[in-house]
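Open the structure in your viewer and keep the selection panel at hand. This tour goes stop by stop.

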Amino acid sequence: MSTATLPSTAVRIRRPRPGRPRAGRSVGLGFVAPFLIFYALFLLLPLVLAIVMSLFNTSLVLPGLGHWVGLHNYGELFGDSYFWSSMWHTVLFTLVSTPVLVIVPLCFAIAVYRRRHGQWFYRLAFFMPYILPSAVVALLWTWMYEPGYGIIDGVFGFLGLGAPGWLSSTSLALYSIVIVTVWWTIGFNFILFLAGLQEIPQELYEAAAMDGASGWTQIRRITMPMLGRTITLVTVLQVIASMKIFDQVYLITSGGPDFSTRVALEYIYDTGFTSGRVGYASAASLVLFVVIVVIGFLWLALVRRQEQGV
Amino acid sequence: MTDTINRRRFITLAGAGATVLAAAGCGGTYDIASGFVSPSAGTSGHDTLVYWNLLTGGDGSHMTAMEDVYRRAHPNVSLDATVLDWGNPYYTKLAMAIRAGSPPDLAIMHLSRLNGFVPPGLLEPYDLGEMAAHGMTPADFTPLAFHKAQFNGRQMAIPLDTHPFVQYFNTKLCRKAGLLDSSGMLRPISGSAQLLTVLRKLKSVGATPAVCDQINDPATPWRLFYTLYSQAGGRVLADQGKRVVLDRPRALQVLRFISQLAREKLLNADLDANGGVAAFASGTAGLYWEGEWNVDTFQAAKLPFSMQAFPPVFGSNDAAQADSHTFVMPIQPGGRDPERTTAILTLVHTLLTQSITWASGGHIPAWLPVRHSAAYQKLKPESNYESVADRAVYDPPAWYSGSGSNLENYAGGVISGVMIGASSPEEAYDSMHGALENLATQSSPV
């Protein structure tokens, strides 16, 4: 845990010299072949199939691709208010969860890093929920949110506060899912930040301390700038992870009440597997895919600019 | 699944499982169960019958008891019963298993779900001659359920029961409110005014007048609405779901009534399914509106209660939303094997003859030799609402309708807002109509 693996331009892969024997290249190909085969079979092929199916009215319960419908699925998608409200729920979830899942673990990481003793305990405590399977997390929180006899309702009742309908209120349910997600995944970002902190040379702090800089100034002037790249990385990983929200929603609310927590992937699952409209669901998943790819490219652009700036 | 799994076997299975997961793109959970764990137990042999159902709780234990009767009578056949999650997840898995060529031999299906399975050819019809040879003739079944299971003259399912939306009542509270007759039954209620009077009397004795849950359970609001709306003579869909014929005046009449219940605090709907059961089981609620399947729970809680058909609130028509559990035979990849069909029909017949066990969970048996038996008539309160089986209203036929379907999810989600007083009847009508139009205009996958 003492070394961090962060994207770095320091390592440059040397290009093969011209005139290198061809035998070496085919050996290399042999080494990457297992990966390439899996990549082609389980990533490229499904992607191509999804593109093809999105142009047909493919059904889950009928054999074959169905009939060619051209761009009809996309046309229907763009006019489907249920799809757009589910896309909005995904975006809203991302907008709410990302800042929390970046800022809170950053604060925790800095606080833990500055402690001399018992770091292992905090590392373990914060990371522990992350290793739980989504089904366990969903069960735990469904019980805790349970109206009447859940522990959260109990605490609210003890404090004399009326218990809100955590999972039953159409305006609150999505935020309840955010709370679950924060608790569950905070450890991953926390570990990334901790690794980033360990990369910062200790001498900088020693020098600053000798110059009389306070702890807060050290954080502001040394830690934050040196962590810049980690923060970008964590933010973008978090945005992508949040855009892919599905498990918690499916397991806890199935998109209810009245579709107020139905996120894009839940919509895709519902239309593809429940309604059996695989062609239409493929079109919807490609739209989500494009959105996530665009965000990925924005990240690349951002990182490039940052690296040129450093 | 009974073999003990030691470390080596676990590692082998886990490794094999991981490969299959990867190969199936993470969709192969059930293939792992049947394809990797069971071969040593002989799944592929003719002596194993695979039976899928979605029955849990009381229903699940009754069904297990019925299966055990079959197991004792046929020790040479290994009956492999798989219980899966109720509603959409079950039907999704069943459809995919059939399409993938590894279906169970027999499955439980809601009658209202046949519309999504028969048109795409996922089910094998029963032969009436073969059924008769195994002791099952059309005259042995509740006619409505039996005929609803026919498509183009072919028998696609064998009904096990009819399970309507009913009215549970707390006898102690109802007596206190002066609502019981000399035999201890709730005096017949007819019309919305009488129902309101009953609820207000219950309120005046300090009871929660009526309980009907809606949180994360859109099916129950749908059952309440569709019961009342059918009593008012309304229809929801036409042309196998391609056309929405939701009748505005009738729907509004029903929604306004539900809204009035919420406004006058005559209905507590701020509960999920378990909460609804708990509220009535606690003995503080006068009436409880739900399907009849919770009777076991209230008996176990020693609650003073009884049950009756849902009262006629609109018109004199005491229709009630209902559905039926049925037995279906999924299409087998290699075609029908007569020997296997014989085994399946024997299993179905054995389970049907155990209908009294099934009836104790609240369901009205479709098997008339039991439904007309003295033993069932003595089964109280279960047989109080027996006649509802003949006037049950099933969900309108469409590829997206039926138990736990999108129709129930879309419409129920809207109705639940009215039940807690969060949305007005007019708003609810508009959103329900919009949601139904959305479903009706989607291109059908079947």
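This is a predicted model: local features need pLDDT of at least 70, side-chain atom pairs count only at pLDDT 80 or more; totals for chains, interfaces and linings use all residues.

**Stop 1: a cis peptide bond**

Select Pro381(B). It sits in the loop between helix H17 (374-378) and strand E18 (392-393) of chain B. The peptide bond that joins Lys380(B) and Pro381(B) is cis, with omega at about 5°. Most peptide bonds are trans.

**Stop 2: chain B as a whole**

Zoom out and color chain B by secondary structure. Chain B has 19 helices and 18 strands. Of its 446 residues, 57% are buried. Its accessible surface comes to about 17,000 Å², and carbon and sulfur atoms hold 54% of that. Look at contacts with a separation of 6 or more in chain B: 76% of them are between residues 24 or more positions apart.

**Stop 3: a serine in a loop**

Select Ser401(B). This residue is in the loop between E18 and H18 of chain B. Is Ser401(B) buried or exposed? Its relative accessibility is 2%, so Ser401(B) counts as buried. Show its polar neighbors. The side chain of Ser401(B) reaches the backbone oxygen of Pro396(B) at 2.6 Å. A polar atom of that side chain also lies 3.3 Å from the backbone nitrogen of Ala398(B). Leaving out residues up to four places away in sequence, Ser401(B) touches Ser112(B), Arg113(B), Asn115(B), Pro396(B) and Leu407(B).

**Stop 4**

Over all chains, the count comes to 15 salt bridges. Visit three of them.

- Select Glu67(B) and Arg71(B). Their side chains meet in a salt bridge at 3.8 Å, N to O. The two are four residues apart in helix H3 (residues 57-73) of chain B, so about one helical turn separates them. Glu67(B) is buried at 5% relative accessibility, while Arg71(B) is partly exposed at 27%.
- Select Asp239(B) and Arg243(B). This salt bridge is 2.9 Å, N to O. Asp239(B) is partly exposed, at 46% relative accessible area. Arg243(B) is partly exposed too, at 43%.
- Select Glu426(B) and Arg256(B). Their salt bridge is 2.7 Å, N to O. Glu426(B) lies in helix H19 and Arg256(B) in helix H11 (residues 248-263) of chain B, so this pair ties together parts 170 residues apart in sequence. Glu426(B) is partly exposed at 30%, and Arg256(B) is partly exposed at 44%.

Salt bridges with shared partners join Glu67(B), Asp68(B) and Arg71(B) into one network.

**Stop 5: where chain B meets chain A**

Show both chains. How many residues of chain B are in contact with chain A? There are 26, and they contact 27 residues of chain A. The area buried between the chains is about 2,300 Å², with 56% from carbon and sulfur atoms. Select Asn216(B), Tyr410(B) and Pro445(B). Together they supply 23% of the area that chain B buries against chain A, more than any other three residues.

Between chain B and chain A the salt bridge count is zero. Eight residue pairs are in polar contact across the interface, both residues at pLDDT 80 or more. Highlight helices H1 (7-23), H4 (88-99), H18 (406-419) and H19 (425-441) of chain B: these are the elements that give two or more residues to the side touching chain A. H4(B) gives the most, with six residues. By type, the residues on that side of chain B are 14 nonpolar, ten polar and two charged.

**Stop 6: two asparagines with positive phi**

Most residues other than glycine have a negative phi. Center on Asn216(B), in the loop between strand E9 (208-211) and helix H10 (219-231) of chain B. Its phi is positive, about 50°. Asn216(B) counts as partly exposed, at 35% relative accessibility.

Then go to Asn152(B), in the loop between strand E5 (150-151) and strand E6 (154-155) of chain B. Asn152(B) also has a positive phi of about 50°. It is exposed, with a relative accessible area of 81%.

**Stop 7: across to chain A**

Finish on Leu167(A), in the loop between helix H6 (151-158) and helix H7 (173-199) of chain A. Leu167(A) is buried, at 10% relative accessible area. Among the residues it touches are Tyr145(A), Ile252(A), Pro257(A) and Asn216(B).

Technical notes
Residues are numbered from 1 along each chain as its sequence is written. Chains are lettered from A and ligands numbered from 1 in the order in which they are written. Side-chain values use heavy atoms; hydrogens and water are left out. Contact means heavy atoms within 4.5 Å. Buried area is the accessible area (1.4 Å probe) that two parts lose on being put together, summed over both. A salt bridge is a side-chain nitrogen of Lys or Arg within 4 Å of a carboxyl oxygen of Asp or Glu. A polar contact is a pair of N or O atoms within 3.5 Å; within protein, one must be able to donate a hydrogen and the other to accept it, and residues adjacent in sequence count only if both atoms are side-chain atoms. Ala, Val, Leu, Ile, Met, Phe, Trp, Tyr, Cys and Pro count as nonpolar, Asp, Glu, Lys and Arg as charged, and the others, Gly among them, as polar. Buried means under 20% relative accessible area, exposed over 50%, partly exposed in between (1.4 Å probe, protein chains only). Accessible areas come from the Shrake-Rupley method with a 1.4 Å probe; for residues, only the protein chains shown count as cover.
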